[in-house]
Amino acid sequence: MTIKTGDKIPSVTLHTMTKEGPKPIASDDIFKGKKVVIFGLPGAFTPTCSAKHLPGFVKKAAALKKKGVDEVVCVSVNDPFVMGAWGKEQKTGAKVAMIADGDGNFARATGLELDLTGRGLGKRSQRFAMIVDKGVVESIDIDPPGTFEKTSAESILKKLG
Ligand code: BEZ
């Protein structure tokens, strides 16, 4: 079942790239006591994700934070080396935290998995954006594969009022 408004974010282990290499990070630690905008997508370096989705959040990170968001998080079913390289290329810096869901733990536990088997990508994540307050989902939007509309940084900014 897909995660919905009012649900708690599941406790899973993710990874992040640091100067010392990949490090595990608990989802509980990402969301604890914070208002977080988390968006997910089918894959690092894929056309829509690289040209529109992630750059939109990098551009609007300050505006989101002005509206009370403590952290903007990008999650993808890619390994932490890829997520680190993508963050460098897109100059995410401290604006957007790049989180690797390499094992697909988050995508599966939230029901947001997207099966791209046969297209050479395997099991990935749907394109989604959630506003999460202290670990509880306030809103969730999903864009079907190949589309990009409801999950953009602009759409999430509008939701925040
Ligand atoms: C997408 O950005 O929607 C997408 C990327 C790769 C494969 C399928 C869909």
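Which residue of strand 2 is the bridge partner of His 15? The legends below begin with that pairing. The model is predicted, so that local features need pLDDT of at least 70 and side-chain atom pairs count only at pLDDT 80 or more, while totals for chains, interfaces and linings use all residues. Residues are numbered from 1 along each chain as its sequence is written, and side-chain values use heavy atoms, with hydrogens and water left out.

View A. The bridge partner of His 15 in strand 2 is Pro 24. Strand 1 (residues 13-18) and strand 2 (residues 21-26) are antiparallel and pair over 6 bridges, and a hairpin of 2 residues connects them; strands here are DSSP runs of E with at least two residues, and helices are runs of H or I with at least four, both numbered from the N terminus. Two strands count as paired if DSSP finds at least two bridges between them. Strand 1 also runs antiparallel to strand 5, to which 2 bridges join it, and there His 15 stands opposite Ala 100.

**View B. Helix 2, its length and its bend.** The 20 residues of helix 2 (residues 47-66), at 1.5 Å a residue, should span 28 Å, which agrees with the 29 Å between its end C-alpha atoms; the expected span is 1.5 Å times one less than the number of residues. At Lys 60 the helix bends by about 55°, the bend being the angle between axes fitted to the seven residues ending there and the seven starting there. Gly 68, which follows helix 2, has a positive phi near 95°.

**View C. The buried residues of helix 2.** Among the buried residues of this helix are Cys 49, His 53, Phe 57 and Leu 64, where buried means under 20% relative accessible area and exposed over 50%, with partly exposed in between (1.4 Å probe, protein chains only). The elements against which the buried residues of helix 2 pack include strand 3 (35-41), helix 3 (80-89) and helix 5 (153-159), contact meaning heavy atoms within 4.5 Å.

View D. Pro 80, Met 83, Trp 86 and Gly 87 are the buried residues of helix 3. Seen down the helix 3 axis, these buried residues fall within an arc of 125°, so they line one face of the helix, the arc being that of the directions from the helix axis to the C-beta atoms. Exposed Phe 81 and Lys 88 sit on the face turned away from the buried side. At the N-terminal end, Asp 79 caps helix 3 with a side-chain oxygen 2.8 Å from the backbone nitrogen of Phe 81, and just after the helix Lys 91 takes a positive phi of about 50°.

Note on methods. Polar contact = N/O pair within 3.5 Å; in protein donor to acceptor, adjacent residues only side chain to side chain.
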